[in-house]
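Q: Can you walk me through this one? I have the model open and would like the main features, quickly.

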Amino acid sequence: MSAAPTSGLTARGLVRRFGGIAAVDGVDLDVPPGRITALVGPNGAGKSTLFDCLSGVARPDAGRVLLAGRDVTRLPDHARARLGLARTFQQIAVFPGLTVGENTRLGAEQGRGGTVRGLLGLPAPGAPAAREATDRALRLFGLDAVRDWSADRLPTGALRLLELARALAASPRVLLLDEPAAGLDLAQTARLGSVLRALAAEGVALLLVEHDVELVARLADTVCVMARGRVLLNGPTAEVLADPRVAGAWGEAAGAEP
């Protein structure tokens, strides 16, 4: 087993069981800074469960999660957010009663540990920095013109971008994206790709679950293939996507682990 890197996100021997089924079964994964890592595999391979363990939504039954070299295995998601980890979800999660700007600002507040003050309408320490992070995220995802709209007015693609903007506003050092291109049109997908590449260039460690193989081929530096809760392949994108075992894993029957 290789040594854990001192930055980025690392998983070692992660196991997550549901009853007698191991949805994640001894997974090792490195998400280095300045790189885009794609996590792919068939439905039921354990990708979203792995995301839950990495982000703190779920606690693994065995193994360790390290964030910038620090063991965060037992820390909840909000504590990991304050340490620089942000995450989006497969099912879009925004606050429909808040404006686009307010939703994004919550990301900036959460990343700095000020979420409760922000929800109460109280000024958080370093409020100018939060405004700057919010403005940047809205601008990068093309949402500045609708910042005063209620989020429930947005179509699906724009809601997906809003969730991404909120995660980006937290100024994360590690960003986990669960199917970020779902519901996006071609222009929005192109914008997403540009933003993710720019973030990687700034040193952010990115891990994305994505079913769009063409997008993975264009964006990812490294691809990790999961099947039945385990890592099947892990390596450079072109090499992994050309491996015949990848097509075989994608074609597995839908009875795999959750």
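Q: What should I know about the model and the numbering?
A: The model is predicted: local features need pLDDT of at least 70, side-chain atom pairs count only at pLDDT 80 or more, and totals for chains, interfaces and linings use all residues. Residues are numbered from 1 along each chain as its sequence is written, and side-chain values use heavy atoms, with hydrogens and water left out.

Q: How many helices and strands in the protein?
A: The protein has 10 helices and 10 strands.

Q: And what share of the residues is buried?
A: Of the 258 residues, 49% count as buried. Buried means under 20% relative accessible area, exposed over 50%, partly exposed in between (1.4 Å probe, protein chains only).

Q: Back to α1. Which of its residues are buried?
A: Lys47, Thr49, Leu50, Phe51, Cys53, Leu54 and Ser55. That is 7 of the 9 residues of α1, so the helix is largely enclosed by the rest of the structure.

Q: Now sheets. What is the strand order in the sheet of 4 strands?
A: The order is β2-β1-β4-β5, in an open sheet with antiparallel pairing. β2 (21-31) and β5 (70-71) are the edge strands; each has a single partner strand, so one side of each is left without a neighbour in the sheet. Two strands pair if DSSP finds at least two bridges between them.

Q: How many bridges between β4 and β5?
A: 2 bridges, in the antiparallel sense, with β4 covering residues 62-67. Leu67 stands opposite Arg70 in β5.

Q: Which strands does α1 touch?
A: Helix α1 (residues 47-55) packs on this sheet and touches β1 (9-18), β2 and β4. The direction of α1 makes about 120° with that of β1. Contact means heavy atoms within 4.5 Å. Axes are lines fitted to C-alpha atoms, for helices over the stretch in contact, and angles run from 0 to 180 degrees between N-to-C directions.

Q: What about the sheet of 6 strands, what order there?
A: β6-β7-β8-β3-β9-β10, again an open sheet. The pairing is mixed. β6 (85-87) and β10 (230-236) stand at the edges with a single partner strand each, so one side of each lacks a neighbour in the sheet. From one strand to the next, the twist averages 15°.

Q: Do β6 and β7 run parallel or antiparallel?
A: Parallel, with 3 bridges joining β6 to β7 (residues 174-178). Leu175 in β7 is the bridge partner of Ala86.

Q: Which helix packs on that sheet?
A: Helix α7 (residues 186-201) does, touching β3 (36-40), β7 and β8 (205-209). The direction of α7 makes about 145° with that of β8.

Q: How are β7 and β8 paired, parallel or antiparallel?
A: Parallel, over 5 bridges. Leu175 stands opposite Leu206 in β8. With α7, the two strands make a right-handed β-α-β unit. A crossover is right-handed if, with the strands pointing away from the viewer, the path from the first strand over the helix to the second runs clockwise.

Q: Which way do the β7 side chains point?
A: Val174, Leu176 and Asp178 point one way, Leu175 and Leu177 the other. In a regular strand the side chains alternate between the two faces of the sheet. In β7, 5 of the 5 residues are buried, so the strand is largely enclosed by the rest of the structure.

Q: Switching topic: at what angle do α5 and α6 pack?
A: About 145°, with their axes 8 Å apart. Helix α5 spans residues 127-140 and helix α6 residues 156-169.

Q: Which residues meet there?
A: From α5, Ala133, Thr134, Arg136, Ala137 and Leu140; from α6, Ala165, Leu168 and Ala169. The contact divides into 6 nonpolar, 1 polar and 1 charged. Here Ala, Val, Leu, Ile, Met, Phe, Trp, Tyr, Cys and Pro count as nonpolar, Asp, Glu, Lys and Arg as charged, and the others, Gly among them, as polar.

Q: Last one: is Thr237 buried or exposed?
A: Thr237 is buried, with a relative accessible area of 6%. Thr237 lies in helix α9 (residues 237-241). Not counting residues up to four places away in sequence, Thr237 touches Val216, Ala217, Ala220, Asp221, Thr222 and Val223.
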